[in-house]
Amino acid sequence: EDQVTQSPEALRLQEGESSSLNCSYTVSGLRGLFWYRQDPGKGPEFLFTLYSAGEEKEKERLKATLTKKESFLHITAPKPEDSATYLCAVRTQGGSEKLVFGKGTKLTVNP
Amino acid sequence: NAGVTQTPKFRVLKTGQSMTLLCAQDMNHEYMYWYRQDPGMGLRLIHYSVGEGTTAKGEVPDGYNVSRLKKQNFLLGLESAAPSQTSVYFCASSYRWGQRLEAFFGQGTRLTVV
């Protein structure tokens, strides 16, 4: 069964304190790994797509990387406005292409 | 650009009542999904569709039905609502092929069953 596990469940940082969020996956065939940001009361907002091991994507203070078993979302010098829940999802292949999500990491950045 | 639009945004139902949630996308996406999001459970897939006229069950399909009569619309129905169906429902859509497989989400429907 396809599984996506995110850690930690919650993370508190001070403004400027860099860290990483982890997404590990077990899937039958990976067609893509996606990172989303979700603010309270809103739908998930797309951030990055990664397709193959070794790939990296960057956007402002965020950098996503991918290996054969996991992905990391690195946050460099975060600001309070980076506070949100970050979701990881995988799109699998093999007859029934589903989009499977992890439970997310709730990030709080204190000023 | 409207993207993915969900109707309604909020709804309160009595146990046993029925309702339909509408999702509309204007990106010509082949795939459409319905998720529910509950505290501590994350996003769980209810049903999905890989094209017009096709639907498939996801992780938690019981108590729900769906239809995809038009490519741009995906309807989620609750025939007899139960309190356990109190949740936030999200619709999403994506391309089937190509280099852009990411899904885009609507703003959600907050449903309360009393």
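Q: Is B:Arg36 buried or exposed?
A: In this predicted model, B:Arg36 has a relative accessibility of 8%. The cut-off for a buried residue is under 20% relative accessible area. B:Arg36 therefore counts as buried.

Q: Which residue's side chain makes a polar contact of 2.9 Å with the side chain of B:Arg36?
A: B:Arg36 sits in strand β4 of chain B, which covers residues 31-38. One polar contact, of 2.8 Å, joins its side chain to that of B:Asp38. Setting aside neighbours within four places in sequence, B:Arg36 also touches a set of residues that includes B:Leu43, B:Val60, B:Tyr64 and B:Tyr89. One of these provides the side-chain partner at 2.9 Å, and that residue is B:Tyr64.

Q: How many disulfides does a search of the whole structure find?
A: In chain A, a disulfide forms between A:Cys23 and A:Cys88, with sulfur atoms 1.9 Å apart. In chain B, B:Cys23 pairs with B:Cys91, their sulfur atoms also 1.9 Å apart. Over all chains, the number of disulfides found is 2.

Q: In which strand of chain B is B:Cys91?
A: B:Cys23 and B:Cys91 are both buried, and their link is left-handed, with -75° about the S-S bond. The pair links distant parts of the chain, 68 residues apart. B:Cys23 is in strand β3 (residues 19-25) of chain B, and B:Cys91 is in strand β9 (residues 87-94).

Q: Which element gives the largest share of the lining of the largest pocket?
A: The largest pocket has a volume of about 830 Å³. Among its 32 lining residues, those closest to the centre are A:Gln38, A:Thr85, B:Gln37, B:Asp38 and B:Pro39. Elements giving two or more residues to this lining are β9 and β11 of chain A, along with β4, β9 and β11 of chain B. The largest share, 4 residues, comes from β11(A).

Q: How many charged residues are in the lining of the second largest pocket?
A: The second largest pocket has a volume of about 550 Å³ and is lined by 25 residues, with A:Glu1, A:Asp2, A:Val100, A:Phe101 and B:Glu59 nearest its centre. Its lining takes two or more residues from each of β1 and β10 of chain A and β5 of chain B. The lining divides into 8 nonpolar and 11 polar residues, and the number of charged ones is 6.

Q: Which residue's side chain makes a polar contact with the side chain of B:Glu102?
A: B:Glu102 lies in the loop between β9 and β10 of chain B, and is buried with a relative accessible area of 4%. Leaving aside neighbours within four places in sequence, its contacts include A:Phe34, A:Tyr36, A:Thr49 and B:Ser93. The polar contact between side chains, at 3.2 Å, is with A:Thr49.

Notes: Residues numbered from 1 in each chain as written. Chains lettered and ligands numbered in written order. Predicted model: local features only at pLDDT ≥ 70, side-chain atom pairs only at ≥ 80, totals over all residues. Heavy atoms only, no water. Disulfide = S-S within 2.5 Å. Buried < 20%, exposed > 50% of the residue type's maximum accessible area, 1.4 Å probe, protein only. Polar contact = N/O pair within 3.5 Å; in protein donor to acceptor, adjacent residues only side chain to side chain. Contact = heavy atoms within 4.5 Å. 1 Å grid on protein atoms, 1.4 Å probe; cavity = no way out; pocket = protein on both sides within 12 Å on 5 of 7 lines; lining within 4 Å. Points joined across faces, edges and corners; volume = space filled by probe spheres on them. Nonpolar A, V, L, I, M, F, W, Y, C, P; charged D, E, K, R; others polar.
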